[in-house]
Amino acid sequence: MSLQTSAAIDRDNLVELYGPEHRLCTTPSTQLNLVLSPDREIDLYELEQLCDAVGWSRRPVRRVRKALQHSLLVVGLWRHDPRLPRLVGFARCTGDGVIEATVWDVAVHPLYQGAGLGRQLMAFVLDQLRAMQVERVSLFADPDVVRFYADQGWELEPQNRRCAFWYSP
Ligand SMILES: CC(C)(COP(=O)(O)OP(=O)(O)OC[C@H]1O[C@@H](n2cnc3c(N)ncnc32)[C@H](O)[C@@H]1OP(=O)(O)O)[C@@H](O)C(=O)NCCC(=O)NCCS
């Protein structure tokens, strides 16, 4: 199946809904328009539903709101609907915006997985960080998702150079 973007879509409306930096994804169907945006506000309850759908444990909405406010970058993947876009993917980054950034909470709704959207989401995140001229990007992956990142050029650690440490204060 070839990937394509739909021609039958009002581009002005996209800017209005998703902001000037939005990107239309390639999808297996011209009926399906999916849009990446760093600008469209995330509905926290919709985000909670997405996290539920991928099996993540719940976090208090109040704390998630604060985490998003303090994030360097928040990206939503939206199933386009001129009246009510639906959040079907998400990623965010923390960091200083200059030297270091860390990617967190990468998710694509199970109904939309396996269509190249996770890859496009990550490429978009990295393009946004590149535009900020961030020097280095890190992330922490579950063992069963390592290949997803490794196939996109992420370097797996530790390789006798660095290790991840966790501490819960
Ligand atoms: C991981 C995730 C974001 C991938 O999204 P996706 O839209 O299905 O990914 P894509 O379709 O772009 O897949 C790109 C490639 O990665 C592979 N891939 C996808 N998910 C993978 C996984 N969990 N493990 C290993 N490889 C994976 C695909 O097979 C595809 O390979 P191909 O290019 O050889 O065909 C999605 O499965 C997800 O949200 N999972 C649950 C949440 C999660 O685990 N997030 C990561 C936290 S570290």
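Figure 1. Buried residues account for 25% of the 169 residues in the chain. This is a predicted model, so please read every view below with that in mind. The C-alpha trace spans about 50 × 35 × 30 Å along its principal axes. A compact globule of 169 residues would have a radius of gyration near 15 Å, and the chain, at 16 Å, agrees with that. Among the contacts with a separation of 6 or more, 51% are made by residues 24 or more positions apart.

**Figure 2. The order of helices and strands.** Here you can follow 5 helices and 6 strands. Starting at the N terminus, the elements run α-β-β-α-α-β-β-β-α-β-α.

Figure 3. The 6 strands make an open sheet in the order S1-S2-S3-S4-S5-S6, with mixed pairing. Strand S1 (23-24) and strand S6 (136-139) stand at the edges, and each has a single partner strand, so one side of each is left without a neighbour in the sheet. Helix H2 (residues 44-53) packs on the sheet, where it touches strand S4 (86-95) and S5. The direction of H2 makes about 95° with that of S4.

**Figure 4. Strand S2 beside strand S3.** Strand S2 (residues 34-37) and strand S3 (residues 73-79) run antiparallel and are joined by 4 bridges. Valine 35 stands opposite tryptophan 78 in S3, while serine 37 has glycine 76 of S3 as its bridge partner. S3 itself is mostly covered, with 5 of its 7 residues buried.

**Figure 5. The hairpin of S3 and S4.** On the way from S3 to S4, the chain passes through a hairpin of 6 residues. The two strands run antiparallel, with 7 bridges between S3 and S4.

**Figure 6. The hairpin of S4 and S5.** S4 and S5 form a hairpin as well, with 4 residues between them. Look for glycine 97 in the turn, which has a positive phi of about 80°. S4 and S5 run antiparallel and are joined by 6 bridges.

**Figure 7. The surroundings of the ligand.** The ligand is surrounded by 18 residues, of which the closest are Val108, Gln113, Gly118, Arg119 and Phe148. Strand S5 (100-108), helix H4 (117-131) and helix H5 (146-150) are the elements that give two or more residues to this shell. Sorted by class, the shell holds 9 nonpolar, 4 polar and 5 charged residues.

Note on methods. Residues numbered from 1 in each chain as written. Predicted model: local features only at pLDDT ≥ 70, side-chain atom pairs only at ≥ 80, totals over all residues. Near = placed C-beta within 6 Å. Nonpolar A, V, L, I, M, F, W, Y, C, P; charged D, E, K, R; others polar. Rg over C-alpha atoms; globule rule 2.2 N^0.38 Å. Buried ≥ 20, exposed ≤ 12 C-beta atoms within 10 Å, placed from the backbone. Contact = placed C-beta atoms within 7 Å. Pairing = 2+ DSSP bridges. Axes fitted to C-alpha atoms, helices over the stretch in contact; angles between N-to-C directions.
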